[in-house]
Amino acid sequence: MDKASHLSVVIDLSPTQWHLCSQSSNPYPLTLQSFLSQLLAFFNSHIACKDENTLAVFGAFPGKSVLLYSSTTIAAEEHSVNADANTYRPFKVLDSTIMGSIRNQLEALELLEAEAPIGLVGAITKSLCYINRLTIPSSSTTPAEEKQAPLDPRILIFSVSPDQSPSYIPIMNSIFSAQKLKVTIDVCKIYGPDSVFLQQAAHLTGGSYLHLNRPDAVLQYLTMSFLPPPGIRQLLSVPTQDKIDFRAACFCHKKIVDIGFVCSVCLSIFCNPVPVCSTCR
Amino acid sequence: MPSASSHDDPAASTDEQTSHSLLAFLQSQSQNTLTRLYQRPSSCLSIFRLLGPLERQLVMNLLWLESAIPVSTMAAWVTREGRKAYNSSLSTLAQLHILPSSATKLALNPTFKSCLRQAITGGGSSGSFGVPARYDSSNPGPSTETLDSYALERWETILYYMVSSGNGQYPAKPSDAVLFLLKRSGLMTSFRGAALQITSSGFQFLLHPPHEQLWELLLQYLHMAEERQMDLVEVLGFLLMLSTMELGRARSEYSTENLSATQAAMLEDLRDYGLIWQRNVPSDRFCPTRLATTLTSSSNPLPTSSSTSTGSQAQGFIVLETNYRLYAYTDNPLQIAVLNLFVTLKSRFPNLVIGAITRESVKKALANGITAEQIISYLTTHAHHQMRRHKPLLPVTVQDQIRLWELEKNRVKSQEGYLYTAFASQADYEYVLNYAKQLDVVLWESPSRRCFFGSLEGHSNIRGFIERRTAGNA
């Protein structure tokens, strides 16, 4: 059980939502700056736990998603970081790479683009592809070896934006692929109302969904609930969801519905009764 | 909650897990020593990595808290199934003085807490992660390949010397310091001033995985350091610092200027073991090799690109068939010599050695003190990837037979004692025999020949009894 684990992180970096989150009218305001510094400490703790632990960080920006850092493909940037006797080098490389690429991405954002819907689905899909690529060498060989696959992959999503109902179907599809890959999805909701889709994602993949009551203490939440790999979570009392919003979005208007109409052939969901199913006709 | 089906039962696997050998050594140290050791962020980070998974999680949970946590609150962090693992984790942490045990409130050792925080967030001015030397463009440091081949060559010299001392041939000799260490650790011994001979624990040592071998020697080094009046904290601190350094980083080296006198003296020893590379001696800069940088991780400490061009070491090179034939795809003299410990080698090709596991070869290994389990585990870890298709990995017949051969060795048990014969009459014989039976010292008896065999500890009693009886009769 003391094996290396892989963590893919998806960070929601919507400028609008982070601005709202840092407003001092909130009971516990959290600026992006202080969030990132706590997040880096969390990343370092993950790497500190085991030398072989791997990390990939994806940023969901308005309208696009970007791989910010991955511990397998850093060779190029590594030389640019100056050595420092007081810091463990992998930590330094990680911190400066992530901060640098977030800064570049945010500066490159056009004013108009900033209002585009957040590329959360893209980031989740990319992280699933990344995990799939990591697990390929072990799954292509014999089943005997598959058992000792060195990975314990999981995805951690930091969300500040509200649900976008048009992305219901792609998110559900990502959840199903995650289930198939045996990937645990953890969700940390930092700001805004509970996310229906992400709650379901965490529930269906056996992860935790956590809505922070005190976003300013995010590091302690992260360490206690999301640092332990799934292997030892059974020994720990990790937070569980007592109620999950299982509502779905309809296929016709992408609205979240309480009561819908379901096609008896293909199980598509509609908010109004329709004579002919638009999915399977 | 995670579904139980997709993961192994963690409670069961925690019990089997054995903690790292360095932790046991640290637990025997005084609180003062440990607290001084925890003053360096690199030491804290390395020791943290050696802890078990649950212990690491507990430390992490407490790391960012400013105040102490009531014991009852902390106990609520674990589920009922985790209770046992939790208690043993707490006691390990208490023995390491990381989390002093207390009946009411628990908090991390303040030194450890502040230094681990510093290790994770960076900063400070301790320079504990190695001071880089100024980059010299005319004379760049070694590449990773240079370091790997250097470390491999040094390490295999030591092992090859050990393994070939058994059959009387002496290849390249490691330095005197290494020989002394081997002798001190009981892996080799010399009879009456003769040349060094490998001992049975030395044979067992050869079959261990490289990571364990390395730590076994380093622990011995630490014991020796205590006797040589070296400061244990500095020695350990230096080893742990090496483990956090980076291998062949952009061909630059580390500077020796911040090292204490003890640590500078260690450079020479560690160079002999292949943990450190230096261009010339003495030099003001050094480079850790892969042996050093993987001290606290579980990845393979020996580079995969060994002298075999195929890099077979990482993959495994042994194919074992049900007819006891063994094919080893290697040209590495060390691996061949180790195989020769328990295999009868028949023929040798440029990249292949063919042999068979026979009763004689296994008996020879058993006589050297190697156990059947060690042979089997060596074969398992070095099995060729073609073998990994089979389930179980090694042919059951061969495994069983190796174990049976070991049992065969245990067929005869010797015990010292005395044989009592020439009793004058059957009555005399039975009288003494009854007495001996009451004492429960009879090992064997034969009424027809009027003799029995008693164990050593019963002899004085029986002799006294017989003497009293003959004196009474007379």
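Reader: Before we start, what should I know about the numbering and the model?

Author: Residues are numbered from 1 along each chain as its sequence is written, while chains are lettered from A and ligands numbered from 1 in the order in which they are written. This is a predicted model, in which local features need pLDDT of at least 70, side-chain atom pairs count only at pLDDT 80 or more, and totals for chains, interfaces and linings use all residues; side-chain values use heavy atoms, with hydrogens and water left out.

Reader: How many helices and strands does chain A have, and how many does chain B have?

Author: Helices (H or I, at least four residues) and strands (E, at least two) are DSSP runs, numbered from the N terminus. Chain A has 10 helices and 10 strands; for chain B the counts are 22 helices and 14 strands.

Reader: What share of the residues in chain A is buried?

Author: Buried means under 20% relative accessible area, exposed means over 50%, and partly exposed is in between (1.4 Å probe, protein chains only). In chain A, 54% of the 281 residues count as buried. In chain B, 51% of the 474 residues do.

Reader: How should I read strand pairing, and which strands pair with β2(A)?

Author: Strands of a sheet pair through backbone hydrogen bonds, either parallel or antiparallel. Here, two strands pair if DSSP finds at least two bridges between them. Strand β1 (residues 6-12) of chain A runs parallel to β2(A), with 7 bridges, and strand β3 (residues 64-70) of chain A pairs with β2(A) in the antiparallel sense over 6 bridges. β2(A) and β3(A) form a hairpin with 2 residues between them, and A:G63 in the turn has a positive phi of about 80°.

Reader: Is strand β2(A) buried or exposed?

Author: In β2 (residues 54-61) of chain A, 8 of the 8 residues are buried, so the strand is largely enclosed by the rest of the structure. Both faces are covered, with A:T54, A:A56, A:F58 and A:A60 buried on one side and A:L55, A:V57, A:G59 and A:F61 buried on the other.

Reader: What does an open sheet look like in chain B?

Author: Three strands form one in the order β5-β7-β6, with antiparallel pairing. Its edge strands are β5 (254-255) and β6 (276-277) of chain B, each pairing on one side only. Between β5(B) and β7 (residues 285-288) of chain B there are 2 bridges, and B:Y254 stands opposite B:F286 in β7(B).

Reader: Now a helix: which residues of α18(B) are buried?

Author: An α-helix has 3.6 residues a turn, so residues three or four places apart point the same way. In α18 (residues 359-367) of chain B, the buried residues are B:S361, B:V362, B:A365 and B:L366. They cover an arc of only 140° around the axis (taken from the directions from the helix axis to the C-beta atoms), which puts them on the same side of α18(B). The face turned away from that side carries the exposed residues B:E360 and B:A367. Contact means heavy atoms within 4.5 Å, and the buried residues pack against β10 (344-349), β11 (352-356), α19 (372-381) and α20 (396-409) of chain B. Just after α18(B), B:G369 takes a positive phi of about 95°.

Reader: Which residues does A:S174 touch?

Author: Leaving out residues up to four places away in sequence, A:S174 touches A:I124, A:T125 and A:L128. A:S174 is in helix α7 (residues 168-181) of chain A and counts as buried because its relative accessibility is 6%. A:S174 and A:T125 are 49 residues apart in sequence, yet 6.4 Å apart in space, C-alpha to C-alpha.

Reader: Where is B:D440, and what is its phi?

Author: B:D440 lies in the loop between α21 (426-439) and β13 (442-446) of chain B. Its phi is near 65°, a positive value in a residue other than glycine. At 66% relative accessibility, B:D440 counts as exposed.
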